[in-house]
Amino acid sequence: MDLKDKLISSFMMFENNIDIEHPVHDVRVDAMKNFEMKGFPSKKEEAWKYTSLNSLQKVDFSIFPKEVNALEYKDVKKYFIHEIDTYKIVFIDGIYSSYLSETTHDGVDICLMSSALTKPMYKPVIDVYFNKVASKDESLTTLNTAFSREGAYIYIPKNKMPKKPVEILHFATGNESTLMLQPRNLIIVEENAELQVIERHQSLTSNEVLTNSVTEIFAAKNAIVDYYKVQNNVGSASLIDNTYIDQKDKSVVKVHTFSFGGKLTRNNLNFYQNGEYIDSTMKGVTILGEKQHVDHHTLVHHIEPNCESHQDYKGIYGENSTGVFNGKIIVEKLAQKTNAFQQNNNILISDKATINTKPQLEIFADDVKCSHGCTIGQLDEEALFYLQSRGIPKKEARALLMYAFANNVLQSVRIPELKTRINKLIANKLGVNLGFDL
């Protein structure tokens, strides 16, 4: 039995343990029908031309964890941003850990999707928002929708801001020889509200783990959302991260993605600007080695006039690593006065590393400012020589140049403690001490 057939049969088992009278049941069934018809994406599809899932489909993944494997805080402390106080939503092998978590209902709702999908008090919100911006057509998104049960549910009412940032952490323990996880996050930030989120998927084992995650974010008028994704996993872990964002008038949403490790990582990041004077920002730093693979697919859909979007992705690829960047900007006919910027710059520090990059513009309006571009190169030998002539060893000089190359992405990180943590991760990836006070 291949993975697709196993998932279809597992869905029948999954249905037996849920309320088939619940309105979400029909959403799940329709989503599974879509996945059953389409299956896993293949390299024959343009969007997956450079990323193959064939090897993952041959793995006999466990779809449901058999038991809870408790973790002590000391065992996973280094993965938290422990320098600051945060709300924490923690999952171990896909199961919520109340021991490691800290949620709240103090003026804001930070809790679990399992509660939101089953308790009547949440039904008005679920009816309005659940599965409303996520793709009904993309097969891996619909697969997640079919199995949607657990994840983070965050609701920030009008004029509210949580007292501290929210951390969402998913740990895989290796309790299963192979494990597939499908977390589902729903985040609603109402008018004039603000939210900061730090998300991490972390495997603690050499066993194979595949995570197929979907996050829906709704930013109402004047809302501000900062979302940070930290991807620094082990070499046996693969992540497919699908994020869909719906923005209303004058909202500001920024997503930073830091990709430093993992067997295969695919980030699908989709912004839909449903209003005027919207600001959408997506920035990323990728540093890879070994045979790691990262694929960034971004979409910004400008629908209304007077909006902005900014994309800036930096990639550093060594050894046998491979990278993909496919950024698309769509400007509809009514979206006059759009200002859209997209840039992807890459450095190859190994003859065996590769990058495939394709920035795209589809513009149907005539009064816009849109730019896009990409670069692929190596370190500047003259700059390297200059640093060495000032007494800096070659290894440190190379690291300083690479850090400077990626640094402008870090400048827009609004949580100082997180910025320090990312600096440390970059230094570790580059194999040097860059002199930060850590």
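**View 1. The largest nonpolar core of the predicted model has 31 residues.** A nonpolar core is a set of buried Ala, Val, Leu, Ile, Met, Phe, Trp, Tyr and Cys residues joined through side-chain atoms within 4.5 Å; buried means under 20% relative accessible area (1.4 Å probe, protein chains only). Phe258, Phe260, Leu418, Ile422 and Ile426 have the most contacts inside this core. Among the elements that each supply at least two residues are β12 (252-261), α9 (394-410) and α10 (416-430). The most comes from α9, with nine residues. Helices (H or I, at least four residues) and strands (E, at least two) are DSSP runs, numbered from the N terminus. Residues are numbered from 1 along each chain as its sequence is written. Local features need pLDDT of at least 70, side-chain atom pairs count only at pLDDT 80 or more, totals for chains, interfaces and linings use all residues, and side-chain values use heavy atoms, with hydrogens and water left out.

**View 2. Isoleucine 426 and its contacts.** Leaving aside residues up to four places away in sequence, Ile426 touches Phe260, Ile287, Tyr403 and Leu410; contact means heavy atoms within 4.5 Å.

**View 3. An open sheet is formed by 10 strands with mixed pairing.** The order is β2-β1-β5-β8-β10-β12-β14-β16-β18-β20. Strands pair if DSSP finds at least two bridges between them. At the edges, β2 (95-96) and β20 (369-377) each have a single partner strand, so one side of each lacks a neighbour in the sheet.

**View 4. Strands β1 (residues 87-92) and β5 (residues 166-172) run parallel.** Six bridges join them. Isoleucine 92 stands opposite phenylalanine 171 in β5.

Methods:
Buried means under 20% relative accessible area, exposed over 50%, partly exposed in between (1.4 Å probe, protein chains only).
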